[in-house]
Amino acid sequence: ASSASPKITVIGLGYLGATHAAAMAELGFEVLGLDVVPEKIRLLEQGRAPMYEPGLDDLLGAHVAGVEGSSGRLRFTDSWAEIGDFGDVHFVCVNTPQKHGEYACDMSYVDSAMDSLAPHLTRPALVVGKSTVPVGSAERLAARIAELAPAGADAELAWNPEFLREGFAVQDTLHPDRLVAGVRSERAELLLREVYARPLAEGTPFVVTDFPTSELVKTSANSFLATKISFINAMAEVCEAAGGDVVKLAEAIGYDDRIGKKFLRAGIGFGGGCLPKDIRAFMARAGELGASEALTFLREVDSINMRRRAQMVELTRDAVGGTLLGKRVGVLGATFKPDSDDVRDSPALNVAGQLHLQGAQVTVYDPKGMANARAIFPTLGYADSALEAVRGADIVLHLTEWREFKELDPAALGEAVTRRHVLDGRNTLDPEVWRKAGWTFRALGRPTA
Ligand code: UGA
């Protein structure tokens, strides 16, 4: 790069890419984004995020060219030639879902992004992979770029995994806990330091390493988080058997700061587009590397997680008298976590779906996830509010811990239902408040009364 600021492109404009593109513009860079889905580009060009993510619309509006009062630093295109022409640093942010019917990760979006980009790398450029990939991918992709790029050795790859959480994407991108750079040259490291100068100046740790370590940092971090959740959910199972209270238990062990309080919320478990598929892809990759024994515990992490969904279904069935047939179930929450509209591998929607398949009449309400839920599960009932979802219900299930649900008035809700019976699948409702309002309250991993 010259003395002028490097020009940035972002390829793939989902949760990761749209946020990264807006954040790069916020940091002062000229940014050009590309996605192969025209609808996404159309929304982004109006300064609107293609998904619900707190603060992202504002950040886009502040920078997308053509939006009134914006910096104009963020633009979009569908042309690979324009991307190649424009960028000094190309961030590849496409998704890597689970392969259909297999544990392995589907690399086709990453592969095709690299294959489309490489022939247009006509001048020195750094391609930076941010997608979550199986270890060994960066090495393979670097060879592919070297083969396809006209600029030859002057087009280089770096790996820079991303750790943002949905619901906190903007904050996590602008103020990350750490930055990780898998690099093969000093030039690549310096260019990344330049791009991330602001967070680095704020003291963000910068871990420089090789390709495989940088890829593994990401998958091992998500595996650790998944393990922590399944650990506390395993304790919930034991609490259920022994009459203990997992919420108290988590609080008490969490005071030990070697253990820590975070990610010890017992409930129906983890979902979303990352943790479930990442631990499976990690197991599949370890198998290919002949290291599957090292990760057999992740199989257990996965089963504990799936068992919690089944337990929720069973508790519901027991609570309504042994059969779900014709029973009305009001479901609060559809997204895999609050402050997101994402329903990918959502435990809430999975539980609702299982109840429906067992003959219950399920009505779902979610503050932001309704359109996505309807799209993948059109046969469930949907209501426009929590109150409407529980109207006439034999039982109410709290499955995604939106703030709105914590603030519900159990007395008012009690007027709408047929039976005041609530199951808390996220352990964030206050049992005392509900019981006082005449509800039978049960929660995963907690005593019955
Ligand atoms: C996760 C990681 O937290 C991010 O660091 C990572 O960058 C991201 O995956 C990714 O790989 O892209 P995210 O999927 O947004 O982020 O969601 P989390 O906040 O990790 O929650 C995942 C699931 O675990 C949710 O379903 C949540 O309800 C559940 N969870 C979380 C629990 O059941 N208990 C907890 O204590 C915490």
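**Exercise 1. How many Å separate the centres of domain 1 and domain 2, taken over C-alpha atoms?**

Solution. Begin with the kind of model: this is a predicted model, in which local features need pLDDT of at least 70 and side-chain atom pairs count only at pLDDT 80 or more, while totals for chains, interfaces and linings use all residues. Residues are numbered from 1 along each chain as its sequence is written. Next, find the domains, whose bounds come from an automatic or database domain assignment: domain 1 covers 8-209 and domain 2 covers 210-449. Their centres, taken over C-alpha atoms, are 32 Å apart. The contact between them takes 25 residues from domain 1 and 26 residues from domain 2, where two residues are in contact if their C-beta atoms, placed from the backbone, lie within 7 Å.

**Exercise 2. Describe the open sheet formed by six strands.**

Solution. Helices (H or I, at least four residues) and strands (E, at least two) are DSSP runs, numbered from the N terminus, and two strands pair if DSSP finds at least two bridges between them. The order of the strands in this sheet is 11-10-9-12-13-14, and the pairing is parallel. Strand 11 (381-382) and strand 14 (440-443) each have a single partner strand, so one side of each is left without a neighbour in the sheet. Within the sheet, strand 9 (residues 328-332) and strand 12 (residues 395-398) are joined by four bridges, and Val-329 has Ile-395 in strand 12 as its bridge partner.

**Exercise 3. Which strands does helix 14 (residues 347-357) lie across?**

Solution. Helix 14 lies across strand 9, strand 10 (361-365) and strand 12, and its direction makes an angle of about 160 degrees with strand 10. For such angles, axes are lines fitted to C-alpha atoms, for helices over the stretch in contact, and angles run from 0 to 180 degrees between N-to-C directions.

**Exercise 4. Why does the shell around the ligand lie between domain 1 (8-209) and domain 2 (210-449)?**

Solution. First take the shell itself: the ligand is surrounded by 21 residues, and the closest are Glu-166, Arg-265, Phe-270, Gly-272 and Cys-274; a residue counts as near if its C-beta atom, placed from the backbone, lies within 6 Å. Helix 10 (residues 211-242) gives the most to this shell, with three residues. Finally, the shell lies between the domains because domain 1 and domain 2 both give residues to it.
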